[in-house]
Amino acid sequence: KAELDRETVRQVELLQRSYDQLSKIPAEEYMEFAQLTNDADDVWHKAKKTSNFELFRPYLEKIVAFNIKFAGYYDPNKKPYDALLNEFERGVDMEYLDGFFADVREKLVPIIKKINEGEQINDSFLHKHYPIEIQRKFSDWLMEIMGMDRNHSTIGETEHPFTLNFNSQDVRITTNYKEDNLVDSMYSV
């Protein structure tokens, strides 16, 4: 019960934070942004299908400009990227991440170099043809052996996979199956 109460409090705090942030943006601007992102979605699908980034570029530029403007509403005392970053990783800023990634780079680059210089394993089996239906079954099997409670989790398909866990009773996984790349979906799961 105490854990459920903490989770409820956390969810209410997140909702309040979202409301506070959205209420800082003038309604007309947010409506214009919402319309832009809706239009951009259609154009993005066309641009992706035809490999034509130039079709999508003006929409992306406008979306970025809106986000920079919104960052000023969120916290005018921060650099735009820091204000936006704080929307996703509270308390984190560019200075912290620059230090973090410098540390990661210092430690990982030598390891990666050593691995690349060594004998490479044959991973060709990962890139054979695996029908999507078989990959779906494999995803279900992976979730089962990881102990995922399928009564409280789902798996779906999307262009850009992500996972949401609203709480321990509601986990939503998305993936993207590629018939010649088994690992892509496997990592999502």
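## Salt bridges and overall form

The structure, which is a predicted model, holds ten salt bridges. Side chains of opposite charge can pair when their charged atoms come close.

| Salt bridge | N to O distance |
|---|---|
| K69 and E29 | 3.5 Å |
| D140 and R150 | 2.9 Å |
| D184 and K178 | 3.0 Å |

In the salt bridge between K69 and E29, the partners come from distant parts of the chain, with K69 in helix α3 (residues 53-74) and E29 in helix α2 (residues 27-50), 40 residues apart. K69 is partly exposed at a relative accessible area of 43%, whereas E29, at 15%, is buried.

The salt bridge of D140 and R150 joins helix α6 (residues 132-145), which holds D140, to the loop between α6 and β1 (153-157), where R150 lies ten residues away. D140 has a relative accessible area of 33% and is partly exposed, and R150 is partly exposed as well, with 37%.

In the salt bridge between D184 and K178, D184 counts as partly exposed at 28% relative accessibility, and K178 is partly exposed with 35%.

Turning to the chain as a whole, seven helices and three strands make up its secondary structure, in the order α-α-α-α-α-α-β-β-β-α along the sequence. The radius of gyration of the protein chain is 21 Å, while a compact globule of 189 residues would have one near 16 Å, and 20% of the 189 residues count as buried.

Definitions and conventions: Residues numbered from 1 in each chain as written. Predicted model: local features only at pLDDT ≥ 70, side-chain atom pairs only at ≥ 80, totals over all residues. Heavy atoms only, no water. Helix = DSSP H or I, 4+ residues; strand = E, 2+ residues; numbered from the N terminus. Rg over C-alpha atoms; globule rule 2.2 N^0.38 Å. Buried < 20%, exposed > 50% of the residue type's maximum accessible area, 1.4 Å probe, protein only. Salt bridge = Lys/Arg side-chain N within 4 Å of Asp/Glu carboxyl O.
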